[in-house]
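Here are my notes for a colleague opening these coordinates for the first time. Please read them with the structure in view.

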Amino acid sequence: MTVSEEPTLYDVLEVDPGSSHEELRAAVERARDTYGTESLAVYALVDEDQLGELRAKLEEAAEVLLDPARRASYDRSIGRIGASTLWAEDDDDEVPLPPVEVAPHARRAELQLETAPEDGEEDALAVPRQHALDLALTDTPGPFGKGPERSEAATGSEASAATPSSAAPLLSGDWAAAVPAEQKGPPGQVEAVPPGVAEAARAVVEPEPVVAEVPVVARGAQEPATGSVSTIPERRGLPPALGLRMKPAEPLGEIPAAEPPPEALPEPGPRHREHRLRLDLPADAEFNGELLRRVRESYGLSLQQVAERTRITRIHLENVEADRYDRLPATVYLRGILVNLARELRLDPARVSKTYLLAAQRSHAGGSLVSGRT
Amino acid sequence: MKRYGLNNVVELPGRTRPRAEDAPGSRRARRIVAVGGGKGGIGKSLVSANLGIALARAGHRVTLVDADLGGANLHTCLGISQPQGTLSDVITHGKRIESLATATGIENLTLVSGAMDALDAANPRAQARARLVEQLQTLDADYLVLDLGAGTSLHTIDFFLLADHGLLVLLPEPTSVENAYRFLKAALFRRLQHTAQTLGVAHLAEAALGSQGSAMRTPAEVVKAVAETQPEAAVQLERSLRDFRVKLVVNQVRSPADQSVGRAVVAAWKKFFGLDMDYLGAIAYDDAAWQTVRKRRPLLVDAAGSSAASNLVTVAEALVALDRPRSAGR
């Protein structure tokens, strides 16, 4: 896929993508000096929100690029190293919302195994969770890390959100798009996504039932689950890489002892899973709590799991999903929460925070214009 | 944030005029350098005077113009008495600036004083400003160095904008940085509005500027808004804004942390406004600076060996280097 005008994390740090680890570290330090709270250079230059946004971006860049494994998969995602084309095939150049299903399961699964499920309600998810373990490579080093796909999802959708501003090359970064709209102007401003994009997104996202691959593999990996999973559609033509990815997971086959009884499986699972297949988000989706909840559930993730992954407290997550704006923290912090959450859900962080905050502001203004597109 | 309505915009000498090299016959200063910074007491006059001296010593014909209309004291920095003729003679009596230039005792360096005593002199009317500007642009010199006053008054900003090199002086202190940014933003948006007006897209620019409430929009956002309906105008607008390439000097640097402020400001300006800035260098905090001011002797004359003096020479060299055949044209 063509890498969009969206600035890369390297751009954010203003370094060459070929920089060494040490150079990156120096750049991070420099950036913190330049844009940190102590820095004279940003005093009275822009408002605090803009600065907060930039600082969050810088920290994201630091977090990813200073971790060799995450950096490697990020590099693949932006096409620096031969990224796995298997995934790229699914999303064409202008597909803003590539399939996002697998990795979250993986993460979830990884989590589950660390903290064995105590809870019956989680049981339905046992199979994908168990199996998807190998996919948890997302966050671990390895040649088949799922990073590329994940990041492609991110860059893809960010690209669409950023489309309008690419017409203005004056800005080095996509600052214009990153600037929070909620305090700056009327709602109309946010609706910058060209009309065609949404359709394109829908068209591509819909037909691909990627998720199904999880159960398919699961069958091989874990006996008891086999029968119950049969309701889930099989995905033909698994990417070969997926098979390879299975390998690291095998040792974990021993863990099934920790797995809950299979009979719990069918209950909440199928519904979510079916939903998840059809959860097509237009590029101009406006995210409110309801929509975020549905995306989360489409991954079969519980609030608790998301809370643990993102280190956002469960209370905050609940309030976000319930649109209880008055109980949410100040905008500066809320944005951080939204960005984190969006990343976890493989959504475009900029779009999520922008639209959610806008809705929050509208509600403060008295109107109840909150509209989650479905 | 202060906003500038279009009705405030007077005819501003455009950057559309050809450069001297392009039109060899035209009589105008080869390079106009305007020294500003928003805040008072940050060393604008010191920088102007010594920059002028350094340039003159390097063999350029330099005219210093004290454009701090309400608080002119460049002559004091140079250790000469207040010249008889001042810029007010240009404004009120239609004199040519050349006739007002006074010798400074330094070869190649003359001074035009801006001292004005009339009550309204510090705020000349638009027409008078325009006449002044026109004359400045046709002055025969290699370098014309304008020492601007503090604040963001229109004539100060206009002088800054007409210059080939807008030189921003700031101290590594929050107050100075704050005023410097305010000054820069005011200048940038005045340029934006003026250019937009020239291009006939003022209404679009105004709408874009106005649609964000009190927060400052970035140039890119405005260009983008204009581009939606007037792509060609947007291209020109963008070019004009890119031309707004400020030269930075950090004065009174005391610590290594101070030393890094210049680069950080350049980076931050680029990051948030998308525009390049050239860092000309830092000037060390140096007792010689205030001592020579008290003696009413220029630093470069009286304490040429001081570190501040050598920093100033470096700044002058960096400035001249910018005018050499383009190195990396951006």
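**Notes on the predicted model**

1. Start with Q127(B). This residue is exposed, because 11 other C-beta atoms lie within 10 Å, and a residue with 12 or fewer counts as exposed. Q127(B) belongs to helix α4 of chain B, residues 126-138.

2. In what order do the eight strands of the open sheet run? The order is β3-β4-β2-β5-β1-β6-β7-β8, and the pairing is mixed. The edges are β3 (102-103) and β8 (277-284) of chain B. Each has a single partner strand, so one side of each is left without a neighbour in the sheet. As background, strands of a sheet pair through backbone hydrogen bonds, either parallel or antiparallel.

3. Follow β2(B) to its two partners. With β5(B), residues 143-148, strand β2(B), residues 62-67, pairs in the parallel sense over six bridges. Here V65(B) stands opposite L146(B) of β5(B). With β4(B), the pairing of β2(B) is also parallel, over four bridges. T63(B) has T110(B) in β4(B) as its bridge partner.

4. Strands β3(B) and β4(B) run antiparallel and are joined by two bridges. T102(B) has L111(B) in β4(B) as its bridge partner. The two strands form a hairpin with five residues between them. In that hairpin, G105(B) takes a positive phi near 85°.

5. Look at the side chains of β4(B). Which residues point one way, and which the other way? L109(B) and L111(B) point one way, while T110(B) and V112(B) point the other way. All four are buried. In a regular strand the side chains alternate between the two faces of the sheet.

6. Helix α1(B), residues 44-57, lies across β1 (31-36), β2, β4 (109-112), β5, β6 (165-170) and β7 (246-253) of chain B. Its direction is at about 170° to β5(B). Helix α6(B), residues 174-198, lies across β1, β6 and β7 of chain B. It runs at about 160° to β6(B).

7. Helix α6(B) also meets helix α5(B), residues 154-162. Their axes come within 10 Å and cross at roughly 70°. That makes α5(B) roughly perpendicular to α6(B). From α5(B), the contact uses I157(B), F160(B) and L161(B). From α6(B), it uses A186(B), A187(B), R190(B) and R191(B). These contact residues divide into five nonpolar, no polar and two charged.

8. Finally, a helix pair in chain A. How do α18(A) and α19(A) pack? Helix α18(A), residues 331-344, and helix α19(A), residues 349-364, pack at an angle of about 135°, with their axes 8 Å apart. That makes α18(A) oblique to α19(A). The crossing is right-handed. On the α18(A) side, the contact residues are T331(A), L334(A), R335(A), L338(A), V339(A), A342(A) and R343(A). On the α19(A) side, they are P349(A), V352(A), S353(A), Y356(A) and L357(A). The contact divides into eight nonpolar, two polar and two charged residues.

Note on methods
Residues are numbered from 1 along each chain as its sequence is written. Chains are lettered from A and ligands numbered from 1 in the order in which they are written. This is a predicted model: local features need pLDDT of at least 70, side-chain atom pairs count only at pLDDT 80 or more; totals for chains, interfaces and linings use all residues. Two strands pair if DSSP finds at least two bridges between them. Two residues are in contact if their C-beta atoms, placed from the backbone, lie within 7 Å. Axes are lines fitted to C-alpha atoms, for helices over the stretch in contact, and angles run from 0 to 180 degrees between N-to-C directions. Angles under 35 degrees count as roughly parallel, over 145 as roughly antiparallel, 65 to 115 as roughly perpendicular and the rest as oblique. Ala, Val, Leu, Ile, Met, Phe, Trp, Tyr, Cys and Pro count as nonpolar, Asp, Glu, Lys and Arg as charged, and the others, Gly among them, as polar. A residue is buried if 20 or more other C-beta atoms lie within 10 Å of its own, exposed if 12 or fewer, and partly exposed in between; C-beta atoms are placed from the backbone. A crossing is left-handed if the near helix is turned anticlockwise from the far one by less than a right angle, and right-handed if clockwise.
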